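Reader: Hi, can you walk me through this one? I'm new to reading structures, so please keep it plain.
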Amino acid sequence: MKKLLTTVLALGMLVAAGCSSSNEGTSGTVENGEWAPKDNIEIVAPAGAGGGWDTTARMVAKVFSEEGIIEQNMGVVNKAGGGGAVGWAYIAGFDGNPHKLFVSSPPIVLIPLNGQSQYGHEDFTPLANVIADYAAFAVAADAKWNNLNELFEDMKQDPTSITVVGTSSPGSMDHIQFVQIAKAAGVDITKIKYVSDQDGGGLTQLLNGSVDVYSTGVAETVEQVKAGNIKVLGVTSPERLEGEVIEDFPTAIEQGIDETFINWRGFFGPANLDEAAVAYYEQKFKELSDSEAFAEIRAQFGWDEMYLNSAEYKQFLDEQKTEIKSLLDELGLGQ
């Protein structure tokens with residue numbers, strides 16, 4: 001009898017430990033079927049400080065904290081390298097851990113497709129997309145081109161005579177955003193001369209005359225336009241953007257080029273997240289997207305609202321992969 005009682009008590013302890021592990025372990029706490037984080041939350045920006053991923057991650061963490069949307073401490077860490085691949089590999093090591101998030105954008109589709117990362121969007125859990133940013137194509141203030149059509153007419157005549165610079169690698173975002181618009185304008189994209197300056201010297205090259213066109217994000221052009229050093233020939237948004245300076249940037253569409261390029265940015269967790277944790281983050285990112293505080297930040301940086309929940313985001317990413325693969329194959333950069 002004593003032996004049986006001991007066995008029953010041991011089994012009870014194991015069951016209790018199992019329940020405690022599933023409900024209150026590193027996965028967080030669950031009450032009434034709803035999950036909540038237990039530990040501090042780490043947001044990874046898979047690039048250095050000051051860029052789009054870093055800015056987005058820090059602004060999101062700021063609003064989450066200051067507006068009381070998420071009470072747990074949130075820290076942003078930079079994991080630069082490989083166009084995002086270093087950060088993705090880091091997150092991949094935390095399978096099922098809902099306290100590790102990262103921000104990403106088109107490179108998580110582009111980089112794996114051109115063979116520079118073993119990890120793609122399918123290897124993580126999409127939580128929510130939050131914003132849409134756009135590309136800008138800039139030239140020196142004294143350049144002979146005053147709009148995209150003038151630039152593309154010259155490129156149609158001799159594509160190799162004009163050099164385009166970006167900070168991403170060939171086949172990644174700054175390259176592809178330019179190629180996508182140029183293709184719609186009738187340029188032979190296989191002959192476009194693209195130079196990659198991943199040390200961030202693209203603007204310097206433009207200003208010293210080493211290159212002709214700078215393919216970048218809208219926000220990266222504003223101060224130089226204000227200073228009178230460069231002019232923006234076009235942006236890739238569907239409509240004119242709102243805000244000081246950027247409201248003067250013409251879209252490709254209004255110049256007769258029927259194409260856009262969206263630099264969407266959203267958040268992911270590691271693979272195999274519990275459905276309750278996914279639901280929690282979906283709700284919190286929706287609260288963030290709907291908040292006045294984040295609306296002010298979008299206006300500050302020229303971002304558009306673009307909220308997608310987890311299922312919508314996954315479908316969107318799958319569609320993006322199909323479209324981008326076709327473009328990379330045409331360039332001879334697909335794997």
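Author: Start with one residue. D212 touches A138, V139, W145, S161, I162, T163 and L206, leaving out residues up to four places away in sequence. Keep in mind that this is a predicted model.

Reader: Ok. Where is D212 found?
Author: D212 is in the loop between α7 (202–207) and β9 (213–217).

Reader: And what does its side chain reach at 2.8 Å?
Author: The backbone nitrogen of T163. The C-alpha atoms of D212 and T163 are 5.3 Å apart in space. Along the sequence, the two residues are 49 apart.

Reader: How accessible is D212, as a relative area?
Author: Its relative accessible area is 26%. Buried means under 20% and exposed means over 50%, so D212 at 26% counts as partly exposed.

Reader: Where does S169 sit?
Author: In the loop between β7 (163–166) and α6 (173–184).

Reader: Which side chain does the side chain of S169 make a polar contact with?
Author: That of Q116, at 3.3 Å. Setting aside neighbours within four places in sequence, S169 is in contact with I111, Q116, H175, Y194, S196 and Q198.

Reader: H175 is on that list. Where else does H175 come up?
Author: In a helix pair. Let me set up the pair. The axes of α6 and α11 come within 11 Å and cross at roughly 85°. Angles of 65 to 115 degrees count as roughly perpendicular, so α6 is roughly perpendicular to α11. H175, I176, V179, Q180 and K183 of α6 make the contact with L327, L328, E330 and L331 of α11.

Reader: How many of those residues are nonpolar, polar and charged?
Author: The contact of α6 with α11 has five nonpolar, two polar and two charged residues.

Reader: What comes after α11 (310–331)?
Author: A segment that holds G332. At 59% relative accessibility, G332 is exposed, because the cut-off is over 50%.

Reader: How far is G332 from G171?
Author: Their C-alpha atoms are separated by 9.4 Å. Along the chain, G332 and G171 are 161 residues apart.

Reader: Now another helix pair. At what angle do α2 and α9 cross?
Author: Roughly 95°. Helix α2 covers residues 52–66 and helix α9 covers residues 275–290, and their axes come within 10 Å. So α2 is roughly perpendicular to α9.

Reader: Which residues of α2 and α9 meet?
Author: V60, V63 and F64 in α2 meet K284, F285 and L288 in α9. By class, that contact has five nonpolar residues, no polar ones and one charged.

Reader: Zoom out. How many helices and strands are there?
Author: The chain has 11 helices and 12 strands. Of its 335 residues, 50% count as buried.

Reader: And how many contacts join residues at least 24 apart?
Author: 77%, counting contacts between residues at least 6 apart in sequence.

Reader: Last one. What pLDDT does the chain average?
Author: The average is 90, and 90% of the residues score at least 70. Over residues 1–26, though, the pLDDT is below 50. That stretch has 13 contacts in the model beyond near neighbours in sequence.

Terms used
Residues are numbered from 1 along each chain as its sequence is written. This is a predicted model: local features need pLDDT of at least 70, side-chain atom pairs count only at pLDDT 80 or more; totals for chains, interfaces and linings use all residues. Side-chain values use heavy atoms; hydrogens and water are left out. Axes are lines fitted to C-alpha atoms, for helices over the stretch in contact, and angles run from 0 to 180 degrees between N-to-C directions. Helices (H or I, at least four residues) and strands (E, at least two) are DSSP runs, numbered from the N terminus. Angles under 35 degrees count as roughly parallel, over 145 as roughly antiparallel, 65 to 115 as roughly perpendicular and the rest as oblique. Contact means heavy atoms within 4.5 Å. Ala, Val, Leu, Ile, Met, Phe, Trp, Tyr, Cys and Pro count as nonpolar, Asp, Glu, Lys and Arg as charged, and the others, Gly among them, as polar. A polar contact is a pair of N or O atoms within 3.5 Å; within protein, one must be able to donate a hydrogen and the other to accept it, and residues adjacent in sequence count only if both atoms are side-chain atoms. Buried means under 20% relative accessible area, exposed over 50%, partly exposed in between (1.4 Å probe, protein chains only). pLDDT is the predictor's confidence in each residue, from 0 to 100.
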